[in-house]
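Trainee: I would like to learn how to read features from a model, one at a time. Please give me the general idea first and then the case at hand.

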Amino acid sequence: PLKLDGPDAARAFFAGCLAESDPAGECLWVAHVDGQSNCIHLSRHDGEADSAGFPVKSIVADAVLHDSAGIFLAHNHPSGDCRPSKADCLATRRLAAAAGALDCALLDHFVFGGADFSSFRRLGLL
């Protein structure tokens, strides 16, 4: 199985996922990992030109179904600006709280804009 043992491995993996997505619209990728950082479930949620679908209930349901120990998120900004938006921050905080109540950690959320990316963890937002 794919091992996402840290932010660098996860970022590189998601860069490949997003390279295959439509660059004109936002797309959210969610990777669930077990306690050994093995990817046990991967989902994709397509959004619009200016917003990614962020189905918190579905992501949490997947965490329960797969007994996830952690979750990595990644989405793109077609504008090329990799800074998290206010909506990104609010949705990420909601998901972190819901997942945390299930003993599942939100490990990081990456926002890709062109060749650049930002990490919620590195920005101190998680």
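Predicted model: local features only at pLDDT ≥ 70, side-chain atom pairs only at ≥ 80, totals over all residues.

Trainee: Where does S119 sit, and is S119 buried or exposed?

Mentor: Helices (H or I, at least four residues) and strands (E, at least two) are DSSP runs, numbered from the N terminus. S119 belongs to strand β5. For accessibility, buried means under 20% relative accessible area, exposed over 50%, and partly exposed in between (1.4 Å probe, protein chains only). S119 has a relative accessible area of 4%, so S119 is buried. Contact means heavy atoms within 4.5 Å; beyond four places in sequence, S119 touches D108, H109 and F110.

Trainee: How do β4 and β5 pair?

Mentor: Two strands pair if DSSP finds at least two bridges between them. β4 and β5 run antiparallel, with four bridges.

Trainee: D108 came up among the contacts of S119. Which strand holds D108?

Mentor: D108 is in strand β4, residues 105-113. Leaving out residues up to four places away in sequence, D108 touches P7, I71, F72, L73, S119, F120, R121 and L126. The D108 side chain also reaches the backbone nitrogen of F120, at 3.2 Å.

Trainee: What is the nearest side chain of opposite charge to D108, and how far away is it?

Mentor: Side chains of opposite charge can pair when their charged atoms come close. In the counting used here, Lys and Arg are positive and Asp and Glu negative, while His and the chain ends are not counted. A salt bridge is a side-chain nitrogen of Lys or Arg within 4 Å of a carboxyl oxygen of Asp or Glu. For D108 the nearest opposite charge is R121, 5.2 Å away; D108 is buried and has no salt bridge.

Trainee: How many salt bridges does the structure hold?

Mentor: There are three. D8 and R122 meet at 2.9 Å, N to O. That pair links distant parts of the chain, 114 residues apart: D8 is in helix α1 (residues 7-19), and R122 is in the segment after β5 (116-119). D8 is partly exposed at 48%, and R122 is exposed at 53%. D46 and R44 also meet at 2.9 Å, N to O; D46 is exposed at 53%, whereas R44 is partly exposed at 39%. Finally, R83 pairs with D81, their closest N and O atoms 2.7 Å apart.

Trainee: Which residues of helix α2 are buried?

Mentor: In α2 (residues 56-66) they are V56, I59, V60, D62 and A63. An arc is taken from the directions from the helix axis to the C-beta atoms. These residues cover an arc of only 155°, which means they are on the same side of α2. K57, V64 and L65, on the other side, are exposed. The cover over the buried residues includes β1 (27-33), β2 (39-46), β3 (70-76) and α3 (86-100). Just after α2, D67 has a positive phi of about 55°.

Trainee: What does A31 touch in this structure?

Mentor: A31 is in strand β1 and is buried, with a relative accessible area of 0%. Beyond four places in sequence, A31 is in contact with L4, F14, C39, H41, L42, G70, I71 and F72. A31 and G70 are 39 residues apart in sequence, and their C-alpha atoms are 8.4 Å apart. V33 is also in β1, and its 3% relative accessibility makes V33 buried.

Terms used
Residues numbered from 1 in each chain as written. Heavy atoms only, no water. Polar contact = N/O pair within 3.5 Å; in protein donor to acceptor, adjacent residues only side chain to side chain.
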